[in-house]
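This report goes through selected local and overall features of one protein model. Please look at the sequence and the structure together while reading.

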Amino acid sequence: MRKPKTRAALLAGLLLAASAPAVVNPPTASAAADPVTVTVNARAGLATVPDTALGVNHAIWDSNLGTTATSDLLRDAGVQMMRYPGGSYADIYHWKDHTAPGGYVAPGTDFDTFMAAARRVGAQPMIIANYGTGTPAEAADWVRYANVTKGYGARYWTVGNENYGNGHYGSAWEADDHPDKSATQYARLVVEYADAMKAVDPGIKVGAVLTMPGNWPDGITAGSDPGPWNQTVLSIAGPKIDFVDVHWYPGGTAAESLARVNHLPDATYLLRQQLGRYAGANADRIGISFTELNVDAGRNTQPAALFLADVYSGLLENGVFTAQWWNVHNGMGSVTQVAGQTDYGDFGMLSSGACTEDGSVCQPPLNTPFAPYHGLRMMKLFATTGDQFVRAGTDEPLVTAHAVRRSNGDLAVLLLNKDPDNAHPVTIDYAGFTPSAAAPTVSTLTNGATDIATNQSGSATSRTLPPYSLTTLVLRPAATTAGQPAAPGQPTASGVTDRAATITWPAATPGGSPIAKYEVHRQNGAVSEQLGETTSTSFTVGNLMPGSRYTVNVLARDTAGRVSWASPPLTFATGSPATSACTVRFTANNDWGNGYIGGVEITNNGTRPLSGWTLTWTWPTGWQQVSSGWNATWEQVGTAVRVTPTNDNRQIAAGGTVSAGFVGAYSGPNVLPTAFTLNGIVCATS
């Protein structure tokens, strides 16, 4: 969490990890000469928007937490989930007497007041049980009071907040009275909390705190833990939890924060990999929540609005069940000018009406919406419960696109121009959807605007995006969707090898005509590649690339030619060959949060010596690199790595092995490679 700045007692500083994220070079703003091509592919289905999607944080130091004015603003912004009692304060908060020893508790912020506010907003609560200075019994009593005594039906409960910040990894901002501050101890107590809380109400969902892949202290092992924080917590508490809770403050300049949104698909992919590897059986049931999000630059101005809309969309299309902004009200920070607008350095999306200590600068009146509030309102206009995200992309890094398909057949497209200086004309191509000739409904938030402007104008295929703007288009289809079949169910993959996989799915429900066939499509960016078709509900895909990630959808086509919505997406990764003339063992040890000691061990499985060799692989992301290496010559061009021998290890005997090492670096989620080629032959891995 980020500490409030509204009281002198709360001026101790930001409650955030001490390790700064690695710098990513931002895209350079350039004159907008040629139109940007936007591609919207309705055949490439992503996740469906849940009824908990749009969230915010409430905090017990905020005396406006329960006011009608605040609640009405949050309701009007479409807030669906509200978190309480406020980040790191949760680990010092005792709900029974409404106290937080060592912190400030504002009047009118008790739990019942919060619940009344949540009901007025129409939002579900997410409650943080006190891990740092509390007990499982205290948490269980809170569940009893909330759901048995008061009948609030509070479903989501998290055990603690940023508990990896208790000093176990060196930085200490989170309260933790336990003598043992290890990840192992946290996980053991999560089990005790979950058992005690679910004994009171078996219907609740209990979450555990994880760290964002690629952010401190991801990858670091401390003390006697068997592995890094996420691995340790999931290995012990995985069978007992229902979701995991992650925070993300990307840091850097406004341009850097906006560029780092590109990390989200790989971050959520790694989280799901960790769940599948460490959380035990049926790990697919475990959801992911991102309950704190904000930027370091432009918190009250247009960069925050752009970031909110981009990151909420990116998380939701990757299946996260809630994204939550830090914070509703927070307080004055450092005053700066951002793209011609005054920014108060305030983590709140609504003004606290505060002034600097010398009174020289004051915020606008209490509850005046800042830019991220309008970004949240734009999300309400763009993505509603039950909509299905579909793939959208552009050929310009400063222009981002997201899209959703609605049950009435409409398509909504969100366009973000992250260029603070230039307007960008765009042309929009559609696949799997034909827009009507009618002018779309257009909602626009420009830099410095105090409201969203909405009208019907222009065409569905071209538009000019103002500098630093958010634009939503809502399009009607050219033809009725009545009678089309329902989407096939969630596909699964089996028999996955290095070159093939069998995709199976539940049958689609016919519409006006019988189902004729199913089509299997691969998402290749914002373009779909049809892998095959079948009349059954299973299809084996061949000719896949080893060590590659695939996302596929299934569509149903009926005898009248009508096509269904895309199925939910399935993502799977191919491996390496079961047998090969070579085997590679890749290791990543002694991770320190943005780098590690890596190694490759190459075995010649042939019957003859190998004289001279070249090992190659491709990094899965653009923010991974070989910094230096030994026992070989190391080269990297783009994401491609090439390793060649020294005079000492040029020959690999039959059945023999050579090894080489390197220092690996990363500035985002560190997705490790799984396919390696030796002298043009794809190797097995061990």
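## Backbone exceptions

His98 counts as buried, at 19% relative accessibility (buried means under 20% relative accessible area, exposed over 50%, and partly exposed in between, with a 1.4 Å probe and protein chains only). This residue has a positive phi of about 50° although it is not a glycine. His98 lies in the loop between S3 and H2; helices (H or I, at least four residues) and strands (E, at least two) are DSSP runs, numbered from the N terminus. Ala339 also has a positive phi of about 50° without being a glycine. Ala339 is found in the loop between strand S10 (336–338) and strand S11 (341–343), and is partly exposed, with a relative accessible area of 36%.

Most residues other than glycine have a negative phi, and most peptide bonds are trans. A cis peptide bond joins Tyr84 and Pro85, with omega about 15°. Pro85 is placed in the loop between strand S3 (81–84) and helix H2 (111–121). Another cis peptide bond joins Trp216 and Pro217, where omega is about 0°. Pro217 is found in the loop between S6 and H5.

## Basis of the model

The model is predicted: local features need pLDDT of at least 70, side-chain atom pairs count only at pLDDT 80 or more, and totals for chains, interfaces and linings use all residues. Residues are numbered from 1 along each chain as its sequence is written, and side-chain values use heavy atoms, with hydrogens and water left out.

## The barrel

In the order S2-S3-S4-S5-S6-S7-S8-S9, 8 strands close into a barrel with parallel pairing. Neighbouring strands of this sheet are turned by 25° against each other on average, direction ignored. Two strands pair if DSSP finds at least two bridges between them. Strand S5 (residues 156–159) pairs with S6 in the parallel sense over 4 bridges, and Val159 stands opposite Ala208 in S6.

Helix H8 (residues 302–317) lies across strand S2 (54–57), S7, strand S8 (287–293) and strand S9 (322–325), and runs at about 160° to S9. For such angles, axes are lines fitted to C-alpha atoms, for helices over the stretch in contact, and the angles run from 0 to 180 degrees between N-to-C directions.

## Helix H5

Which residues of helix H5 (residues 229–237) are buried? They are Trp229, Asn230, Thr232, Val233, Leu234 and Ala237. The cover over the buried residues of H5 includes helix H4 (183–200), strand S6 (205–209), strand S7 (243–248) and helix H7 (264–278). Contact here means heavy atoms within 4.5 Å. An α-helix has 3.6 residues a turn, so residues three or four places apart point the same way.

## Thr471 in strand S19

Thr471 lies in strand S19 (residues 469–475). At 2% relative accessibility, Thr471 counts as buried. Leaving out residues up to four places away in sequence, Thr471 touches Met378, Val413, Leu414, Leu415, Val442, Ser443, Thr444, Arg463 and Leu465.

## The open sheet

An open sheet is formed by 5 strands in the order S31-S35-S28-S27-S38, with mixed pairing. Its edge strands are strand S31 (624–630) and strand S38 (684–685), each of which pairs on one side only. Strand S27 (residues 582–589) and strand S28 (residues 595–604) run antiparallel and are joined by 8 bridges. Thr587 stands opposite Gly599 in S28.
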